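Me: Can you walk me through this one? I'd like to start with the strands.

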There are 2 protein chains.
Amino acid sequence: MKHFNFEEIDVGYEVSFDYNITDDKMQKFLEITGDINPLHNDLSYAKSKGYSEKVVYGMLTLAILSTLAGVYLPGEKSLIHEVSVSFVKPVFISNCPLLVKGKVVKKDERFKQIEIKCSIFDNKGDKVLRGNMKIGFVD
Amino acid sequence: MKHFNFEEIDVGYEVSFDYNITDDKMQKFLEITGDINPLHNDLSYAKSKGYSEKVVYGMLTLAILSTLAGVYLPGEKSLIHEVSVSFVKPVFISNCPLLVKGKVVKKDERFKQIEIKCSIFDNKGDKVLRGNMKIGFVD
């Protein structure tokens, strides 16, 4: 885990890490949220809608940004204020590991807040999520 | 689970439901994401930062919107395209159950997409999350 203060982070700083989505994580996400939607839980249903596999919950892919902020950028002192994402392509377990990237694009001195551009790619190199987060610092 | 088609949903339609965050859900979210940030996992650390309890992962509160879309609005045919939220106040387990609200504010005929205004309140009536989702329909 990183421990950056606001003052220690510069615009342009980048991090990236791999992340695997598994059936076990899908099951745990179901247990957390109660989202029983069949597109994410029923292979034959997903196939009937033209997908080769169950579609990974978008919000599960999005949840990886919790780790991006809370572990990597800025790490310990992270307090996420805002998040905004587009789900560009469906994610499948067979297209994992995903590559998660974050880059500091702005520092707001007034609010002691950084803005991070976020991208997630599947193992074919296709972008599956893009967005940004505004993150403050726990004193 | 609801089964609305695009044509069946009108602007102004609203849903709401209660949701409990528990220590078990916090633990599962940690196992899914690997976000070991101490603000969410270490009571004495959270207290040292001025919080009375461990702070619930923002992305866990956000994950409830998966259920809002995939189970309630529009339910089965939901495919989330975009989500954008602000974390207005920290969430604590003792301030659960949360009240999750969604309201259709726009229909985009061209993209067959609805826009939902989302709000989540704690059990004291304080808003903890606000945002919106753009949701398409699986054919």
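Me: How do β2(A) and strand β2 of chain B pair?
Reply: Antiparallel, over five bridges. Strand β2 covers residues 78-87 in chain B. A:Ser84 stands opposite B:Ser84 there. Strands here are DSSP E runs of at least two residues, helices are H or I runs of at least four, and both are numbered from the N terminus. Two strands pair if DSSP finds at least two bridges between them.

Me: What's the source and numbering?
Reply: This is a predicted model: local features need pLDDT of at least 70, side-chain atom pairs count only at pLDDT 80 or more, and totals for chains, interfaces and linings use all residues. Residues are numbered from 1 along each chain as its sequence is written, with chains lettered from A and ligands numbered from 1 in the order in which they are written.

Me: What is the strand order in the open sheet?
Reply: The 10 strands run β1(A)-β3(A)-β4(A)-β5(A)-β2(A)-β2(B)-β5(B)-β4(B)-β3(B)-β1(B), with antiparallel pairing. The edge strands are β1 (14-19) of chain A and β1 (14-19) of chain B, each pairing on one side only.

Me: And inside chain A, what does β2(A) pair with?
Reply: Strand β5 (residues 127-137) of chain A, antiparallel, through nine bridges. A:Leu79 has A:Gly136 as its bridge partner in β5(A).

Me: How many residues sit between β4(A) and β5(A) in their hairpin?
Reply: Five. A:Gly125 in that turn has a positive phi of about 85°. Eight bridges join the two strands, and A:Cys118 stands opposite A:Gly131.

Me: Switching to the chain contact. How many residues from each chain?
Reply: It takes 36 residues from chain A and 36 residues from chain B. Contact means C-beta atoms, placed from the backbone, within 7 Å. On the chain A side, α4(A) gives the most, with 10 residues.

Me: Is α4(A) mostly covered or mostly open?
Reply: Mostly covered: 14 of its 15 residues are buried. Buried means 20 or more other C-beta atoms within 10 Å of the residue's own, again placed from the backbone; exposed is 12 or fewer, and partly exposed lies in between.

Me: Which residues have the most contacts inside the largest nonpolar core?
Reply: A:Leu65 and B:Leu65, in a core of 67 residues. Such a core is a set of buried Ala, Val, Leu, Ile, Met, Phe, Trp, Tyr and Cys residues joined through C-beta atoms within 7 Å.

Me: What does B:Leu65 touch?
Reply: A:Met59, B:Val83, B:Cys118 and B:Met133, not counting residues up to four places away in sequence.

Definitions and conventions
Two residues are in contact if their C-beta atoms, placed from the backbone, lie within 7 Å.
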